[in-house]
Amino acid sequence: MTQAQLIQQTLHTLAYLGVREVCVAAGARNAPLVSALLASSGIKVWNFFEERSAAFFALGRIMADRQPVAVVTTSGTAAAELLPATIEAHYQNLPLILVTADRPKSYRGSGAPQAIEQAGLFGVYATIVGDWDATDESHEGHCSDGPMHLNVCLDEPLETNVPGVDFAAAPPPAPSEEGHISSLECDLVLAAGMHPKDATEAAVLLARLGAPIIAEATANLHGFPALQSLLIPGGERALQSARPAHVLRIGAVPSWRWWRDLEALPKVKVTNITRTGFSGLARTENVETLPWENIRSTQFARVDPPCGILRFEPELDKFPESEPAWIRKIADAIPAGSRVFLGNSLPIREFNLTLHATKPGVEVFANRGANGIDGLISTFLGVSAVHAGECWLIVGDLSTLYDLAAPWVIAQMEHPRLRIVVINNGGGKIFSRVASLRALPDAARNVIENRHALSFEPWAELWGMEYLHTNDANDLADLLPMPMVIEILPHRLQTEAFWTDWQQPVIRPR
Ligand SMILES: Cc1ncc(C[n+]2csc(CCOP(=O)(O)OP(=O)(O)O)c2C)c(N)n1
């Protein structure tokens, strides 16, 4: 097979996998692929100078539109930069397609320049589609769940005049819609991480079921009037009072500590309905994991007596400058029709804690596959890239420092009404909430928390974003329609006081 045929074969495979968007980070080795993509029709090309952002951005595009997206790298460590996003895609079971240009197979193990062991680079995290070089004729494309890796060996001379293909000509892959409908009972529902379309389906089942629901913001259930009386506020604190016999978890693995504690409660039955295939628990006793299609079952029933869960609302007025109170103020400022992305660590937990309702059309996303604090801004930008409304990211300061190159792609977006809200509490403050770490001497906590006094204003300036540092929530209304960094410095002592108050043990009424 000639190099031109190999390039075309690769592009046709992407087309048949349903890829209509691709993120490229160019080098010399992948230039034949990049130039053929640019000569193609029916494909949107986003360009990046570094691969880690490209891959997380692609992940965000998949999360928003639920279509496969490819990322194309050159050879060497460029390919390795895709690993964190690939792991996240694996645990979210999302079709991130990795196309890595490689030197010919004969270079493997040689230590020659920019030749690393790319075949199988992503281990268990990606299905390998062939190991292609110009002599390999077996190039069967097939669609699978989760990430896929196409390693494409290209020899010199590199051909940069290969004609493109028409991606729109490929038929869209048939959706897999199979599942077995089972019957089950439950007395408590935990919901997290659902695409808004899935949330609409789940809401029908949950309204019929009538069991109490503890839902994270990313479940996208808080906008349904039929669920208002079932949704219990208070998250972790409300869960402390629950004595369920049978938990139904739908969507992603919840971020609540209580979910982790379920490991030690083997008598509590857990039924998972999820697109990821992961149970989210190490224990297997009394745990079943069903495919998403079971959400349409009519065989569900609520267990009586109910699990006795109590309602808690955080008393934010007592600590108005605390971090949770700020999160509530930000949530209230987010207009209808916005997309929201919640950073890991404290932002997602505090948003869930203070959540009471969402405005119409607000959609919430997060990376809860592997819970990384890397790539969050890039994933947010992918989720936001073609959204016409406002897009809000709430993210910690260390998480922001992790992804400083992310805004590169903003210049390619049509409606970048972005609000990147950095909750700058001067380091990884989640660790100050862990009792064993709080007991450490200050010098050790300094290292663990990576305390700092950095400001994000120069970063905003570097990327031409507006910058707002505010102590007044009124400043969050009617923001200019442009990319913006909003830096919030919550009050440290009020935040500590809030948590002390909130962690008081739950007293159950007789
Ligand atoms: C890639 C990665 N590295 C390290 C961690 C471990 N980790 C979890 S939270 C956290 C600190 C987060 O700090 P920040 O983003 O400032 O948020 P805060 O906790 O202050 O809200 C770290 C390092 C992780 N989850 N992911």
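These notebook entries record what I looked up in a predicted model.

**Basis.** I worked from a predicted model in which local features need pLDDT of at least 70 and side-chain atom pairs count only at pLDDT 80 or more, while totals for chains, interfaces and linings use all residues. I number residues from 1 along each chain as its sequence is written, and side-chain values use heavy atoms, with hydrogens and water left out.

**Entry 1: ligand shell.** The shell holds 18 residues, the closest being Ser345, Leu398, Ser399, Gly427 and Lys429. Helix H10 (346-354) and helix H12 (397-402) each supply at least two. Helices here are DSSP runs of H or I with at least four residues, strands are E runs of at least two, and both are numbered from the N terminus.

Entry 2: A polar side-chain atom of Ser345 lies 2.5 Å from a ligand oxygen. For Ser399, a polar side-chain atom is 2.6 Å from an oxygen atom of the ligand. Leu398 uses a backbone N or O atom instead, 2.9 Å from a ligand oxygen. On its own the ligand has 590 Å² of accessible area (Shrake-Rupley method, 1.4 Å probe), and the protein covers 77% of that.

**Entry 3: Asn424.** I located Asn424 in the loop between S17 and helix H13 (435-438). Its side chain reaches the backbone nitrogen of Gly426 at 3.0 Å. Is Asn424 buried or exposed? Asn424 counts as buried because its relative accessibility is 7%; the classes are buried under 20%, exposed over 50% and partly exposed in between, with a 1.4 Å probe and protein chains only.

**Entry 4: salt bridges.** I counted 20 salt bridges, each defined as a side-chain nitrogen of Lys or Arg within 4 Å of a carboxyl oxygen of Asp or Glu. Side chains of opposite charge can pair when their charged atoms come close.

I noted that Arg339 and Glu363 form a salt bridge at 2.8 Å, N to O. Arg339 lies in strand S14 (residues 339-342) and Glu363 in strand S15 (residues 363-366), so this pair ties together parts 24 residues apart in sequence. Both residues are buried.

Glu390 and Arg419 meet in a salt bridge at 2.9 Å, N to O. Glu390 sits in the loop between helix H11 (376-384) and strand S16 (391-396), and Arg419 in strand S17 (residues 418-423), 29 residues apart. I found Glu390 and Arg419 buried.

Arg328 and Glu313 are bridged at 3.9 Å, N to O. Arg328 belongs to helix H9 (residues 323-333), and Glu313 to the loop between strand S13 (300-302) and H9, 15 residues apart. Arg328 is buried at 16% relative accessibility, whereas Glu313 is partly exposed at 47%.

I also found a salt-bridge network that links Lys429, Asp442, Arg445, Glu449 and Arg451. Lys429 is also among the closest residues to the ligand.

**Entry 5: Ser297.** I placed Ser297 in the loop between strand S12 (287-290) and S13. Ser297 is buried, with a relative accessible area of 1%. From Ser297 to Thr74 the distance is 46 Å, C-alpha to C-alpha, across 223 residues in sequence.

Terms used
A residue is near a molecule or strand if one of its heavy atoms lies within 4 Å of it. A polar contact is a pair of N or O atoms within 3.5 Å; within protein, one must be able to donate a hydrogen and the other to accept it, and residues adjacent in sequence count only if both atoms are side-chain atoms.
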